Amino acid sequence: MRLPHPLYGLYERRLAAGLPLDRTPRHVGVILDGNRRWARVSGVSSARGHRAGAQKIVEVLGWSEDVGVEVVTLWMLSTDNLARSPDELGPLLTIIEDAVRDLAATRRWRLQPMGSLDLLPDRTVQALEAAQAATADVRGLHVNIAVGYGGRQEITDAVRTVLRQQAAAGATLAELAEDFDVDHIAEHLYTRGQPDPDLVIRTSGEQRLSGFMLWQSAHSEFYFCEAYWPDFRRVDFLRAVRSYTQRERRRGR
């Protein structure tokens, strides 16, 4: 429910002040969903919707910093999205490239692309890699930019890398099968060395992961927000974090 001014501002401030910062998530994954539906409802082009969504990213990263989040993973484009028509995919990739350049230019966050970069156009890969290089020395929020990303593909890539390494070391298939365990995969994921996401937020009202961080989200908490991504507000973010802090995390126990 949208509260009228000034009640909205008062509610938002009280919500922020009441968060137990010692229990906030270290890693938040975000599925940025609803740009096209927002565009249809608003009577504008899909490209306008995607650009409105891109503009929302800076706000969300700032809100994440405010509550002490250390890592944010933004799912901006899936491997399935690559099958969209060239008329939509081309402008969308341009918007992503521009957004990544703008994020890097702020020098506030350390950016890391993740996904099947070999499936992307060279210009998109160059923009992602340039942003990563330009922010490599930044000490701040670590931001994973998931473009051309699919959870199944990530696991496949991890297993393929393990097999190649073991083969290069002269190990037989039987030896690999005997020693193979979950750490072999975890050590070769795109997010290796990072904490798994504590909280995964999806906007637009859809209640599914769609393949997002399938391996890493085994013990994540999920929060589904009705707002389309361009309409996602600070109060929505704070509600998601509050919901997380109120849950008892059993981690399978």
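Predicted model: local features only at pLDDT ≥ 70, side-chain atom pairs only at ≥ 80, totals over all residues.
Ground rules first. I number residues from 1 along each chain as its sequence is written, and side-chain values use heavy atoms, with hydrogens and water left out. Local features need pLDDT of at least 70 and side-chain atom pairs count only at pLDDT 80 or more, while totals for chains, interfaces and linings use all residues.

**Entry 1: α2 and α3**

I looked up helix α2 (residues 35-42) against helix α3 (residues 46-66); their axes come within 8 Å and cross at roughly 120°. Helices here are DSSP runs of H or I with at least four residues, strands are E runs of at least two. Axes are lines fitted to C-alpha atoms, with angles from 0 to 180 degrees between N-to-C directions. The angle makes α2 oblique to α3 (under 35 degrees is roughly parallel, over 145 roughly antiparallel, 65 to 115 roughly perpendicular, the rest oblique).

Who makes the contact (heavy atoms within 4.5 Å)? From α2 I listed Asn35, Arg36, Trp38 and Ala39, and from α3 Ser46, Arg48, Gly49, His50, Ala52 and Gly53.

**Entry 2: the cores**

A nonpolar core is a set of buried Ala, Val, Leu, Ile, Met, Phe, Trp, Tyr and Cys residues joined through side-chain atoms within 4.5 Å; buried means under 20% relative accessible area with a 1.4 Å probe, protein chains only. The largest one has 49 residues, and Leu61, Leu74, Met76, Leu77 and Ile145 have the most contacts inside it. Helix α4 gives the most to this core, nine residues.

I then checked Leu61: beyond four places away in sequence, Leu61 touches Val72, Leu74, Leu103, Trp109, Leu141 and Val143. Another core, of 10 residues, lies apart and includes Ile31, Trp75, Tyr149 and Met213.

Methods: Contact = heavy atoms within 4.5 Å. Buried < 20%, exposed > 50% of the residue type's maximum accessible area, 1.4 Å probe, protein only.
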